[in-house]
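Here is a friendly walk through one model, from its confidence scores to its central sheet and the helix that crosses it. Please keep the structure open while you read.

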Amino acid sequence: MVEQRIRNAKVGGSTPLSGTTFPRSKYLLTFHRDLVHIQKIMNYDPESGLIKEARYVASDNFDDRPGDSDVEALIVHAISLPPGEFGGGGIEQLFCNSLDPDEHPYYSEICELKVSAHLLIRRDGELVQFVPLDRRAWHAGVSECLGRAEVNDFSIGVELEGSDDEPFEEIQYQKLAKLTQLIQKEFPNIKPDHIYGHSDIAPGRKTDPGPHFDWQHFQSLCRQLA
Ligand SMILES: [Zn+2]
């Protein structure tokens, strides 16, 4: 029922939720807020490879996809820097090769890595883009899925700010679902069963997005948007 209303309703002046005569119950206000979250569509610019709603932080850690590689997979990651801490600049610094090895003992171990992801969803839902979606970001490492190795060649990598030890924020699930909707529209060979966790494509080597990532909830949000 609620799902049906979400499908039928429109955001904007035509929705009864904006009328002054409609009772402004707590339910409606809550419903309206969720509706806005779910229905607001993201926009992609194929010329630049950038998502318009994302804050673009240019990383040098990318290159061209091999000529015959269509984009067929979406890889979900989780990262926090320093490990287990949220909200700092470490992730963006890592992807931009500007991590200060003196700032944290762990940073001295990883500051020479040349890595990136296409996108990051922060704890507050902010979307950050580092690499144009049509280029190859360096997020998967030694990996395999869909019967192929070198998953970076044919995938888009999305990082959630998170860890193996804590639940993700609801706003992150909502943002990831909307992002997935956009990415699948632009790259239709990413079928619903071509969405993997990093731990799925690099088992024994990677654990992210970790045991707290609720795949059922994510898939349910994706179905609502389909
Ligand atoms: Zn990962």
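## Confidence and overall make-up

The mean pLDDT of the protein is 87, and 82% of the residues score at least 70; pLDDT is the predictor's confidence in each residue, on a scale from 0 to 100. Over residues 1-33 the pLDDT is below 50, and this stretch has 17 contacts in the model beyond near neighbours in sequence. A contact here means two residues whose C-beta atoms, placed from the backbone, lie within 7 Å. This is a predicted model, so local features need a pLDDT of at least 70 and side-chain atom pairs count only at pLDDT 80 or more, while totals for chains, interfaces and linings use all residues. Residues are numbered from 1 along each chain as its sequence is written.

The protein has seven helices and twelve strands. These are DSSP runs numbered from the N terminus, with helices (H or I) of at least four residues and strands (E) of at least two. Of the contacts with a separation of 6 or more, 70% are between residues 24 or more positions apart. Buried residues make up 31% of the 226 residues. A residue counts as buried with 20 or more other C-beta atoms within 10 Å of its own, as exposed with 12 or fewer, and as partly exposed in between, with C-beta atoms placed from the backbone.

## The six-stranded sheet

Let us start with the strand order. Six strands form an open sheet with mixed pairing, in the order S3-S7-S6-S11-S5-S12. Strand S3 (55-56) and strand S12 (195-197) stand at the edges with a single partner strand each, so one side of each has no neighbour in the sheet. Pairing of two strands requires at least two bridges between them, as found by DSSP.

S11 pairs with S5 (residues 73-79) in the parallel sense over seven bridges, and with S6 (residues 119-121), again parallel, over three bridges. Gly157 of S11 is the bridge partner of Ile75, and Glu159 of S11 is the bridge partner of Leu120. Leu120 also has a bridge partner in S7, namely Val128; S6 and S7 (residues 127-129) run antiparallel and are joined by three bridges.

Why is S11 (residues 155-161) described as largely enclosed by the rest of the structure? Seven of its seven residues are buried, so the strand is largely enclosed. In a regular strand the side chains alternate between the two faces of the sheet. In S11, Ser155, Gly157, Glu159 and Glu161 lie on one side and Ile156, Val158 and Leu160 on the other, and all are buried.

S5 is mostly covered too, with seven of its seven residues buried. Ala73, Ile75, His77 and Ile79 point one way, while Leu74, Val76 and Ala78 point the other. Ala78 stands opposite Leu160 in S11.

Helix H5 (residues 170-186) lies across S5, S6, S7, S11 and S12, and runs at about 170° to S11. That angle is taken between N-to-C directions, from 0 to 180 degrees, using lines fitted to C-alpha atoms, for helices over the stretch in contact. H5 has 17 residues and reaches 25 Å from its first C-alpha to its last, close to the expected 24 Å, where the expected span is 1.5 Å times one less than the number of residues. Its buried residues include Tyr173, Leu176, Leu179 and Ile183.

The largest nonpolar core has 42 residues, and those with the most contacts inside it are Leu74, Ile75, Ala117, Leu119, Val158 and Leu176. S5, helix H3 (90-95), S6, S11, H5 and helix H7 (215-225) each supply at least two of its residues, and S5 gives the most, with six. Such a core is a set of buried Ala, Val, Leu, Ile, Met, Phe, Trp, Tyr and Cys residues joined through C-beta atoms within 7 Å. Not counting residues up to four places away in sequence, Leu176 touches Ile121, Val158, Leu160 and Phe218.

Asp164 sits in the loop between S11 and H5. Is Asp164 buried or partly exposed? Asp164 is partly exposed, with 16 other C-beta atoms within 10 Å. Leaving out residues up to four places away in sequence, Asp164 touches Thr207, Gly210 and Pro211. Asp164 and Pro209 are 45 residues apart in sequence, with 6.9 Å between their C-alpha atoms.
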